[in-house]
Amino acid sequence: MLFYCFIIPVFGQLPDEDQKLLQAAYEGNESKLLQALINKADIEAVTDKGVSALIYASQRGFDNIVKILVYNGANISHTANDGVNAFLAASMLNRISIADYLLKSGADINSVNKSGAGALHFCAAYNYDSLCRFLIEKKANPEFKDIDGNTPLMIAAFSGNNTVISILVEAKAQIDNPDKNGFTPLMASINRGYLNTAQFLIRQNANVSAVNNNKLNAAGIAVLSDHLAALPLLKNDLKKTDTAAIDPFRIAYAKMDINAVRKLKKAGFKSFDKVLFPSFFTLVGLNFNADHLLFNFKAGVHEVVNNFDVFADYQVRLFRKKIWVNVAPGVEYQYWESRSFAGIGISKDFFPFGEKNKHLLFLQTSFSYSYGNFRATYKKAESFFVIIPAVGLKYFIDNSSNIQFVLSYCSYQPNQIFPLHLGINLQSYFPFSNKKLPDLYKLKQKHIDWLY
Amino acid sequence: MMFKFVVIILFIFLSACLTQQVDDCTNYDYSDCNTLKPDSALVTIKFSTTKLKPFTLLKIYHGFAEDSNLVISDSFPEGILKLSLPVNKYYSVQAFYHLSDTKIIAVDGQKLKIWKVQVCDSICWNNNSPVIDVKLKR
C-alpha cells in the first residue's frame, strides 16, 4: 500500500511536545493537540517518514484537527518522504470534506506523489466515485498521467471501477489514452479480466485495434493473460484489426494453448497463417484386459472449432499370446501369436461438464487392419479388418496435454481374447504455425507499480 | 543431425552392454566366466503333463517344424526338459496333447544365441538360455 507509512506512527527522537502533537493528530485528540500547541510544539514536526501532524489528521479524517492545524499555520504543501501531502492523504482515504477544506485553503488539486499519482488516480484506483465527481467539479485534470503514463481512466480500467470510468468519460477523458508501454485502458481491463469494464469501454468506442509497444492488440492480451472470455467482445471489430499487431493465434501457439486457439476460432477470429488444422497431436498409452496388453501410439490433427481429432493409430501387443488355431476337425495348433493393429480413426470431444472444466468426454471410432505372426512356424496369423468403437474421459493436465481413460470394444478371434479393453493414454497437442512464434517472455503484461 | 545423435547414443549404449565394468580386476571371480567359445548350450523346454498322461511326446527340430530337420522325438516326463544343443541355431518344439477328442499340437521356438563380453583382460562367453514354452494354455 502506498500509505503504509501512516498505519503505524513512528515518531523517532522528537522533542516530547512535538511527539505529543503528532500523537494527538494521529489519535484525533483535540485537547491534547491544543495543549501541545500551547506548550510550543513545532507544528511542522515530522516523523522519520516525513509525516506531519496535518498529513496524519487529513489521512485519519479528523476535520477539526485539520482546521486547528491549518488555522495555526500548518504548511499545506508539506509532503512526506513518498511525496504525499495532506490533500493527497485525505483523497487516498476518501475524506471529501477535508479535501474540500484543504483546496479552499490553497492546496493544489493536481499535486502528485513521487509516483506521479494524483487525487484522481487514487479515487480511480479505489472506486471513490463521490470524491471523483467532486474533483472533476473542482477542475482536476482527467488526463494527468503518473510517471508510467497512466491516466486516472487507465487506473480505473485496470481496477475494474466502472462508476469512476463513467464519471471520467463524462468529463471527456480520452478513452484510448495509452501509457508509456502503449497499453490503452481497454487493454488494461482485459489484461486484468474485468470484462464488464472492457464491454463498457467498447460501448464508449474504445479502439479494439490499438496496438501497444509489444505489438499486442486487445485480443492478443486476452490470450496472453488467459482472459479468453473477452474474445467475443472483440470479434465484431475484426475488420479493424491492425495487421501490425501480433496475430493472437501465434500467441496461443507460442503458449501451446489449444483452448485459446479454440476460443479464438469460436469468437470468429481468423488466423493470418490460414492453418486448416491448427494443432498436431501425438498420443502414447496402453490398452489392456485380462488377456493381453497393447502399446498404443497415435498421431493426428485436432480441429478446434468442432472439437474433433482425425488420426492414424498403431497398436502392438507387448507380449505374445498363446492362441489355438483349428486346422482340421479335432486338430488344433497352439501358437505364440504377436499382433498389431494399424488404422485410421476419428474422435469427437463433448463437454457435458462445461467448457471450462478440465474433464471432457469423447467418442471415438477407428477402422483398423489387424495382422500378426506365429513363432516357430511359417504359418501366418489371421489378418482382418475391424472397427473399434471407444468412449473415454479426458482430463487436461495443462492447456496442451491430457490423460485419457478409454473403454474400447475390439471383437476378434472369438472366445480367445476378451473384446473389451481399458486404456490409459497421454495425449499432447502441438499447435503449429508456419511463421515465427513470438517470445512470450518479451511480451509485457500491464502492471502498475504504485497500486496494491 | 538427429540421426547422427541417435547413432552415437546407440553406439555408447551398445559399447556399455558389451563391456562389463569391473572395479577390482585382480580379485575378480572368474568361476562364472566361460572363456572358451562354447559349441553347445542348454535349451529349456517347458511342457504340460497330467496324472493320467505323465509323459508328453515332444518333437524338437532345427529351424521350423515345417523344415523337417528333426533333432529329437521322444516322450518326456516331469514338464521341464533341459537339453544341450549346438549354438547359434533356431530350435522349434512341437508338443502333442490329447484333450477328450481334440488333438492339440503346441508349437514354440527360440534361437540359441551366444555372445562375448570383455571382463578385464578376459573374454567371457554368454548365451541367452532360451526357454521354449509349449505348455497348454489354460
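In chain B, strand S8 (residues 114-119) and strand S9 (residues 122-127) pair in the antiparallel sense, with six bridges between them. This is a predicted model.

## Chain B as a whole

Chain B contains one helix and 10 strands. Chain B has 138 residues, of which 17% count as buried. Of the contacts in chain B with a separation of 6 or more, 63% are between residues 24 or more positions apart.

## A three-stranded sheet

Chain B also holds an open sheet of three strands in the order S5-S2-S10, with mixed pairing. Its edge strands are S5 (80-86) and S10 (131-133), each of which pairs on one side only. From one strand to the next, the twist averages 25°.

Strand S2 (residues 40-46) of chain B runs parallel to S10(B), and three bridges join the two. One pairing of residues can be named here: B:Ile45 has B:Ile132 in S10(B) as its bridge partner.

## Where the two chains meet

Contact between the chains involves 15 residues of chain B and 12 residues of chain A. On the chain B side, strand S7 (residues 102-112) gives the most, with eight residues. By class, the side of chain B that touches chain A has seven nonpolar, three polar and five charged residues.

S7(B) is also joined by bridges to a strand of the other chain. Strand S5 (residues 331-350) of chain A and S7(B) run parallel, with four bridges between them. Within this pairing, A:Tyr333 has B:Ile105 as its bridge partner.

## Nonpolar cores

The largest nonpolar core has 106 residues. The members that touch the most others are A:Ala25, A:Ala53, A:Leu69, A:Cys123, A:Cys132 and A:Leu186. Apart from this core lies another, of 22 residues, and among them are A:Tyr335, B:Tyr61, B:Ala95 and B:Leu112. In soluble globular proteins, nonpolar side chains tend to be buried together.

Leaving aside neighbours within four places in sequence, A:Leu186 is in contact with A:Ala157, A:Ala198, A:Leu201, A:Ile202, A:Ala206, A:Val208 and A:Ala218.

## A covered helix in chain A

Helix H4 (residues 53-60) of chain A is mostly covered, with seven of its eight residues buried. The buried residues are A:Ala53, A:Leu54, A:Ile55, A:Tyr56, A:Ala57, A:Ser58 and A:Gln59. A:Ala53 also belongs to the group in the largest nonpolar core that touches the most other members. Just after H4(A), A:Gly61 takes a positive phi of about 80°.

## Confidence

The mean pLDDT of chain B is 83, and 82% of the residues score at least 70. Among the elements of chain B, S10(B) has the highest mean pLDDT (94), while strand S1 (residues 19-20) has the lowest (58). For the model, the scores are ipTM 0.81 and pTM 0.61.

Key: Residues are numbered from 1 along each chain as its sequence is written. Chains are lettered from A and ligands numbered from 1 in the order in which they are written. A nonpolar core is a set of buried Ala, Val, Leu, Ile, Met, Phe, Trp, Tyr and Cys residues joined through C-beta atoms within 7 Å. A residue is buried if 20 or more other C-beta atoms lie within 10 Å of its own, exposed if 12 or fewer, and partly exposed in between; C-beta atoms are placed from the backbone. Two residues are in contact if their C-beta atoms, placed from the backbone, lie within 7 Å. Two strands pair if DSSP finds at least two bridges between them. Ala, Val, Leu, Ile, Met, Phe, Trp, Tyr, Cys and Pro count as nonpolar, Asp, Glu, Lys and Arg as charged, and the others, Gly among them, as polar. Axes are lines fitted to C-alpha atoms, for helices over the stretch in contact, and angles run from 0 to 180 degrees between N-to-C directions. pLDDT is the predictor's confidence in each residue, from 0 to 100.
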